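Here is a short report on charged side chains and how they pair. Look at the structure first, then read on.

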Amino acid sequence: MKMKKLAYLVAGLVLLSACSAAPGGGKGAAGGGNKQSGDTIKIGVNLELSGGVAAYGSAEKNGVELAAEQINKDGGILGKKVKLVVKDNKSDNNEAATVAANLVTNDKVVAVIGPATSGATKTVIPNMTKAQVPVISPSATDDSITLNGKDVQKYVFRSCFQDSFQGIMLADYATNKLKAEKVAILADNSSDYAIGLTKAFKKEYKGEIVLEENFTQDDKDFQAVLTKLKGKDFDAIYVPGYYTQAGLIIKQARELGITQPIIGADGFGDEKMVQTAGAQNVNNVFYSTHFSTKAPATDKVPAFIEAYKAKYNAEPSTFNALAYDSLYMIKQAIEDQKSADSAAIQKGLANLKDFEGVTGTMTIDKNHNPEKSLVILGLTDGKESSAETINAK
């Protein structure tokens, strides 16, 4: 009995100690997360560098590293160098949460960039909030990322616009630009990203939806549903999903003789989509995105393109640009607050106004989303043939 009482006492003391310890590494709750110390500003990078959506994470890593290189070359932030702590979440949501915990607790970073996807970003929010360390995702577009019900997620931000904005603008584009009175929807129902896009499009679109079918991220054969669709009267196909399935759907649709426009969101925005579909099949394809070299959003774009080409021998993509902006947004937040502590960065990001990035001039709204324009790209033979900038209504 005495041993049991002793065990309970020890457990209670351990629990009390754990509850009283701050998540930011010894700082009390009033300390507001991790504190900057020494001659560097440590920024965590939590990205999908391997696994199913590694193309997004790898592209964003390139953008962040270019930004860090330029910032340090220009004297750093408040005279201190940026030090990136890069970790691979392996395109796994549980791993993303673990990486977040390690970055804030063990590496003592003052802010984190990533994950890239909405599902992974959702899993890191509890750890980032507990640690009181701000996180900014370059491409997590699910509306609920920055909101918990009606409450704003205090430590969560993004440099991309949200799904509802994309879905609304794509529905408007289908109606007014493509004159599509009848649309078919082939949607990925295995990701929060695609579910949000589908919901927003359906809510805004005023025409007829002649067919709606779902798939998952592991599906590869769309012949049956496309054959079914071919027998119907429709003007466009809406495909909310990632580049992997989008490429297969485009390829199989074109090979079946389906020539109607295929439209989607920023998940289309990787060269692997064209590789999967075959460039000859990627015609009459349109998708919303945050950046285009053919439609420069600000005067900073030409220099960014030149620097990116010099470093990586390639033209920058949307995901390169969004991640690049993410680090510069953190830089601006630090400079505005004259502090690189987590609490100061959170405040600076929440109050960011008229920030001129390469994806547009943006102001963070009350829900921690950037207010900026959207670009819809058109593809012909797998290459950008049109770029139209569309402002929010």
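## A pair in helix H8

How many residues apart are Glu-255 and Lys-251 in helix H8? They are four residues apart, and so about one helical turn separates them. Helix H8 covers residues 243–255. Helices here are DSSP runs of H or I with at least four residues, strands are runs of E with at least two, and both are numbered from the N terminus.

The side chains of Glu-255 and Lys-251 meet in a salt bridge, at 2.9 Å from N to O. A salt bridge is a side-chain nitrogen of Lys or Arg within 4 Å of a carboxyl oxygen of Asp or Glu. Glu-255 is partly exposed, with a relative accessible area of 49%. Lys-251 is also partly exposed, at 29%. Buried means under 20% relative accessible area, exposed means over 50%, and partly exposed lies in between (1.4 Å probe, protein chains only).

## About the model

This is a predicted model: local features need pLDDT of at least 70, side-chain atom pairs count only at pLDDT 80 or more, and totals for chains, interfaces and linings use all residues. Residues are numbered from 1 along each chain as its sequence is written, and side-chain values use heavy atoms, leaving out hydrogens and water.

Side chains of opposite charge can pair when their charged atoms come close. Helix H2 spans residues 54–73 and holds both Glu-65 and Lys-61. These two are four residues apart, about one turn of the helix. They form a salt bridge, with the closest N and O atoms 3.1 Å apart. Glu-65 is partly exposed, with a relative accessible area of 25%. Lys-61 is partly exposed, with a value of 25%.

Glu-69 forms a salt bridge with Lys-311, and their closest N and O atoms are 2.8 Å apart. Glu-69 lies in helix H2 and Lys-311 in helix H10 (residues 301–312), so this pair ties together parts that are 242 residues apart in sequence. Glu-69 is partly exposed at 41% relative accessibility. Lys-311 is partly exposed at 35%.

## A buried charge without a bridge

Asp-270 sits in the loop between strand S11 (262–264) and helix H9 (271–277). Is Asp-270 buried or exposed? Asp-270 is buried, yet it has no salt bridge. The nearest side chain of opposite charge is Lys-272, 5.7 Å away. Lys and Arg count as positive, Asp and Glu as negative; His and the chain ends are not counted.

Which residues does Asp-270 touch, leaving aside neighbours within four places in sequence? Asp-270 is in contact with Ala-55 and Tyr-243. Contact means heavy atoms within 4.5 Å.

## The whole count

A search of the whole structure finds twelve salt bridges.
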